[in-house]
Amino acid sequence: MKNSKLKTQNSKLWGQSLFEVIFALAVASLVMVGIVSLAAASVRNSNFARNSALGTRLAQEVSEWIRQQRDSNEWTTFSSYANSGGITYCLQTLDSSFPAQGACGAGAYVAGTTFIREANLRLISYVNPNDTVEAIITVEWSDAQGLHESRTITQF
């Protein structure tokens with residue numbers, strides 16, 4: 001009798017500890033899923049921040065390049081690259097002169113990147129006709145979250 005009573009107590013203890021193990025595994029799994037989700041979001045945000053900073057830098061390069069074009073040409077030559085409706089240029093590279101007019105096509109990336117860089121030059125008349133050129137510079141990229149862009153506007 002003593003022996004059967006001991007077996008009953010042992011089987012109850014065994015069942016209770018199996019439930020505790022399963023419950024502990026479930027809690028640990030939930031914690032791990034949360035940690036992995038947090039790490040994935042952190043990597044995603046880090047990639048976006050890096051791409052955003054690079055996009056801004058690429059746009060700034062174009063702004064400085066256009067400023068150099070203005071400084072190295074006469075105003076009439078420089079302003080001929082713009083009109084009142086705006087002229088778009090695809091700027092994969094920054095050569096010594098303006099490229100042919102036209103927007104970037106698919107795959108017209110800046111060398112070694114996944115960024116597409118365009119500038120739209122528009123004449124603005126504040127006082128005299130053709131006295132200001134406005135450059136709207138757009139750098140686009142896409143990632144798992146979709147299409148993003150960095151945009152700067154500079155007046156010359």
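## Basis of the description

The model is predicted, so local features require pLDDT of at least 70 and side-chain atom pairs count only at pLDDT 80 or more, while totals for chains, interfaces and linings use all residues. Residues are numbered from 1 along each chain as its sequence is written, and side-chain values use heavy atoms, with hydrogens and water left out.

## Nonpolar core

The largest nonpolar core comprises 22 residues. Such a core is a set of buried Ala, Val, Leu, Ile, Met, Phe, Trp, Tyr and Cys residues joined through side-chain atoms within 4.5 Å. Buried denotes under 20% relative accessible area, exposed over 50%, and partly exposed the range in between (1.4 Å probe, protein chains only). Ile66, Leu121 and Ile137 have the most contacts inside the core. At least two core residues come from each of helix H1 (2-72), strand S1 (87-90), strand S2 (116-124) and strand S3 (132-143). Helices (H or I, at least four residues) and strands (E, at least two) are DSSP runs, numbered from the N terminus. In soluble globular proteins, nonpolar side chains tend to be buried together.

Isoleucine 137 illustrates the surroundings of a core residue. When its neighbours within four places in sequence are set aside, isoleucine 137 is in contact (heavy atoms within 4.5 Å) with Ala59, Val62, Ser63, Ile66, Glu118, Ala119, Ser150, Arg151 and Thr152.

## Salt bridges

Six salt bridges are present in the structure. The term requires a side-chain nitrogen of Lys or Arg within 4 Å of a carboxyl oxygen of Asp or Glu. Side chains of opposite charge can pair when their charged atoms come close. One of the bridges pairs arginine 117 with glutamate 61, and their closest N and O atoms are 3.2 Å apart. This pair links distant parts of the chain, with arginine 117 in strand S2 and glutamate 61 in helix H1, 56 residues apart. Arginine 117 is buried, at a relative accessible area of 3%, whereas glutamate 61 is partly exposed, at 31%.

Glutamate 64 is partly exposed with a relative accessible area of 39%, and arginine 67 is partly exposed with 27%. Aspartate 71 and arginine 70 also meet through their side chains in a salt bridge (3.0 Å, N to O). Aspartate 71 is exposed, with a relative accessible area of 54%, while arginine 70 is partly exposed, with 25%. Salt bridges that share partners join Arg57, Glu61 and Arg117 into one network.

## Glutamate 134

Glutamate 134 is located in strand S3 and counts as buried, at 9% relative accessibility. Its side chain makes a polar contact of 2.6 Å with the side chain of arginine 122, and a polar contact of 3.4 Å joins the side chains of glutamate 134 and glutamine 155. A polar contact is a pair of N or O atoms within 3.5 Å; within protein, one must be able to donate a hydrogen and the other to accept it, and residues adjacent in sequence count only if both atoms are side-chain atoms.

Apart from residues up to four places away in sequence, glutamate 134 touches Asn120, Leu121, Arg122, Ile124, Ile153, Thr154 and Gln155.

## Serine 96

Serine 96 occupies the loop between S1 and S2 and is exposed, with a relative accessible area of 67%. Its C-alpha atom is separated by 9.4 Å from that of glutamine 68, the two residues being 28 residues apart along the chain.
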